[in-house]
Amino acid sequence: MIDRYSYPAVAEWPRRFNVAPGQVAPITLAGDLPRLARWELLAPWRGHGGVRPPPIRTARLAEIARTPVLARARRCLVAGDGWYAKAKVGKAVHAWWIHGATSFAGLVATHKEDGVEAFAIVMVPAPEPMRAYSELLPAAGRTAWLEGGEPDEVPWRAIEVSRYFEEVAHDDERCIAPLGNPNQGSLF
């Protein structure tokens, strides 16, 4: 179980470059100190034969009100400034680090079976210029989100990166290093 009071001050938490589902990340709830929570909500029910449905890692903003587990969750901010996206262009798969936010809008709940506080990141349709990289992007969150308002709009930027981030153990600055030499410019 995650004990939110046993973690050091936020300033002492190491900088992360690659948080994967199932790992912990800093979150903040209205009027509370930041703490760590697991990224992926567990559904509160089990299906036939006791099989649990897949964990909820992201939640579309438009579906929150009509999905009971999401509608009952509390709003939170998830510390993060970027998101990785991959898309096939021709035969090659390209990867981008999409960044510009200071935190994401999230939903947090504690599962009754394991007692672990966990979150899902709220997703919104990508603005037109960003759709080349991803159909959905994390909703940027700030105080307005915590107080019941809408997510913020952010000027997202995309930088092509290597696929180094695909290995969960890779958690350093190489994950967001621009592909190629950014000072070289274009040949055409």
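Lys 112 is exposed, at a relative accessible area of 68% (exposed means over 50%, buried under 20%, partly exposed in between, with a 1.4 Å probe and protein chains only). This lysine sits in the loop between strand 7 and strand 8. Lys 112 and Pro 44 are 68 residues apart in sequence, yet 7.3 Å apart in space, C-alpha to C-alpha.

The model is predicted: local features need pLDDT of at least 70, side-chain atom pairs count only at pLDDT 80 or more, and totals for chains, interfaces and linings use all residues. Numbering starts from 1 along each chain as its sequence is written, and side-chain values use heavy atoms, with hydrogens and water left out.

**Overall fold**

- The protein chain has 2 helices and 10 strands (DSSP runs numbered from the N terminus: helices are H or I of at least four residues, strands are E of at least two).
- From the N terminus on, the order is β-β-β-α-β-β-β-β-β-β-α-β.
- Of the 188 residues in the chain, 37% are buried.
- Among contacts with a separation of 6 or more, 58% join residues 24 or more positions apart (contact means heavy atoms within 4.5 Å).

**Nonpolar cores**

- The largest nonpolar core has 25 residues (a core is a set of buried Ala, Val, Leu, Ile, Met, Phe, Trp, Tyr and Cys residues joined through side-chain atoms within 4.5 Å).
- Ile 27, Phe 119, Ile 121 and Trp 156 touch the most other members of this core.
- At least two residues of this core come from each of strand 1 (24–28), strand 2 (35–39), strand 4 (74–79), strand 5 (82–89), strand 6 (92–99), strand 7 (103–110), strand 8 (117–125) and strand 9 (136–138).
- Another core, of 16 residues, lies apart from it; its members include Leu 41, Leu 77, Ala 139 and Leu 146.
- In soluble globular proteins, nonpolar side chains tend to be buried together.

**Trp 156 and Val 154**

- Beyond its neighbours within four places in sequence, Trp 156 contacts Ile 98, His 99, Gly 100, Ala 101, Phe 104, Pro 127, Met 130, Leu 137 and Pro 138.
- Val 154 occupies the loop between helix 2 (143–146) and strand 10 (157–161).
- Val 154 is buried, with a relative accessible area of 17%.
- Not counting residues up to four places away in sequence, Val 154 touches Gly 100, Ala 101 and Ala 140.
- Val 154 and Pro 127 are 27 residues apart in sequence, with their C-alpha atoms 9.6 Å apart.

**Ser 134**

- Ser 134 belongs to the loop between strand 8 and strand 9.
- Its relative accessible area is 16%, so Ser 134 is buried.
- The Ser 134 side chain reaches the backbone oxygen of Leu 136 at 2.6 Å.
- Ser 134 also contacts Ala 85, Ile 98 and Ala 126, leaving aside neighbours within four places in sequence.

**Buried charged residues**

- Glu 40 is in the loop between strand 2 and strand 3 (58–60).
- Glu 40 counts as buried, because its relative accessibility is 13%.
- Glu 40 is not a glycine, yet has a positive phi of about 145°.
- Most residues other than glycine have a negative phi.
- Arg 38 is in strand 2 and counts as buried at 15% relative accessibility.
- Arg 38 and Ala 120 are 82 residues apart along the chain, and their C-alpha atoms are separated by 8.9 Å.

**Pockets**

- A pocket is defined on a 1 Å grid over the protein atoms alone, as an open set of points where a 1.4 Å probe fits, with protein on both sides within 12 Å along at least five of seven lines; lining residues have an atom within 4 Å of a point.
- The largest pocket holds about 1100 Å³ of space (a volume is the space filled by probe spheres set on the points, which are joined across faces, edges and corners).
- The largest pocket has 39 lining residues, and Phe 17, Asn 18, Val 19, Ala 79 and Gly 82 are the closest to its centre.
- Strand 1, strand 2, strand 4, strand 5, strand 7 and strand 8 each give two or more residues to that lining.
- The lining of the largest pocket divides into 27 nonpolar, 7 polar and 5 charged residues (Ala, Val, Leu, Ile, Met, Phe, Trp, Tyr, Cys and Pro count as nonpolar, Asp, Glu, Lys and Arg as charged, and the others, Gly among them, as polar).
- The second largest pocket holds about 250 Å³.
- Its lining has 13 residues, with Val 124, Pro 125, Pro 127, Asp 152 and Glu 153 nearest the centre.
- The lining of the second largest pocket comprises 11 nonpolar, no polar and 2 charged residues.

Conventions
A polar contact is a pair of N or O atoms within 3.5 Å; within protein, one must be able to donate a hydrogen and the other to accept it, and residues adjacent in sequence count only if both atoms are side-chain atoms.
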